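Here are a few notes from my pass through this model.

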Amino acid sequence: MLVRFITALALMNLLASCAPAPDRSVAIHNCEYGSAQSLDPIVNSSVFDGSPTVSADETELLFTSARHPTAPRGQQDIFVSRRPDRNAPWSRPVNAGAMINDSLGDDFSLRLSNDGKALYYASNRSGGFGKGDMYVATRTSVEAPWSRGENLGSLLNTDAFEAFPTPSADGLTLFFNRSTTFDSQDSDIWVSTRARADDQWSAPQRVSGGINSERAEFSPALSPDGNRLYFASERGGSVELWVATRGDHTQEWDAPEKLGTEVNFPRSMTLGPFISSDQRSLYFMSARQDLAAAGACTPGTCFDRLDLYVSTVSCR
């Protein structure tokens, strides 16, 4: 009997030693995120820089900046930077031009389509339906100039504030955020669909599955496969990046998880995520708070300090 007990115990220990140990370094839906790197010194400036979006090959970067050369300090325009390959440094940014930038209003919340031929964005320019409306500009090729931005219409845009229009890779689903005002806590993430690329968008619905909470959720970013949704939320007490996943587009989103301190620096404000086509780079904007400062960053205290960052992503 003692021999059988010892043999069984040894077998149990052997099986336990062969079983794979839990990987505690992979905490966010089986993905690891590298320490955020600033896009200094060429891209970021001394004023607000935000809403990054990149082409599929990561050689074109569009973003919003308050570095307008002639307008009063604070006006946000769309700028573009390029590089020959994804490992090269970014070129000095230039203004993207009057076809997509308004001469008086702010242009922000950028999302480049997967094929690089459509630029979705938001603007508070005159002639819209509300406090912030969503627009889209197109081009015939990635080398061609942009068309003039067109309003996405009154079915999506209301008298409230809509921003961050985020298309799926096939262009048939559009996520965005809607709130009473730019910084109100009633901001939620909504979704609209269409059957074909030239169809009208359907009446939007709030995204289900625990994405929205009693606090503000905004700036959604959808992975190319449509099964990973990044967004910013204040549910934890400060503006931070979260991610939710699903098995496929027919399933509900799993409960979202907050990204770690490699991305969400303590007491900072981090938002506007954009995941690259290969899902290896997560771009976002963040205002990094001095840890010795009195309080956490808020839109009212740190907005002008927002800069662009990128974090490497490794999923399994």
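This is a predicted model: local features need pLDDT of at least 70, side-chain atom pairs count only at pLDDT 80 or more; totals for chains, interfaces and linings use all residues.

1. In the largest pocket, β11 provides the largest share of the lining, with 3 residues. Besides β11 (161–167), the elements that put two or more residues into that lining are β7 (107–112) and β19 (269–275).

2. As for size, the volume of this largest pocket comes out at about 440 Å³. Its lining counts 25 residues, and those nearest the centre are Phe161, Phe164, Phe182, Leu271 and Phe303.

3. Now over to β21, which spans residues 307–315 and pairs antiparallel with β1 (residues 31–33) through 3 bridges. If you want a spot to check in that pairing, look at Glu32, which sits opposite Ser314 of β21.

4. β21 also pairs with β2 (residues 37–38), again in the antiparallel sense, over 2 bridges. Here Ser38 faces Tyr309 in β21.

5. Which strand do 6 bridges join to β21? That would be β20 (residues 281–287), and the two run antiparallel. Within this pairing, Met285 has Leu308 of β21 as its bridge partner.

Notes:
Residues are numbered from 1 along each chain as its sequence is written. Side-chain values use heavy atoms; hydrogens and water are left out. On a 1 Å grid over the protein atoms alone, a cavity is a set of points where a 1.4 Å probe fits but cannot get out, and a pocket is an open set with protein on both sides within 12 Å along at least five of seven lines; lining residues have an atom within 4 Å of a point. Grid points are joined across faces, edges and corners, and a volume is the space filled by probe spheres set on the points. Helices (H or I, at least four residues) and strands (E, at least two) are DSSP runs, numbered from the N terminus. Two strands pair if DSSP finds at least two bridges between them.
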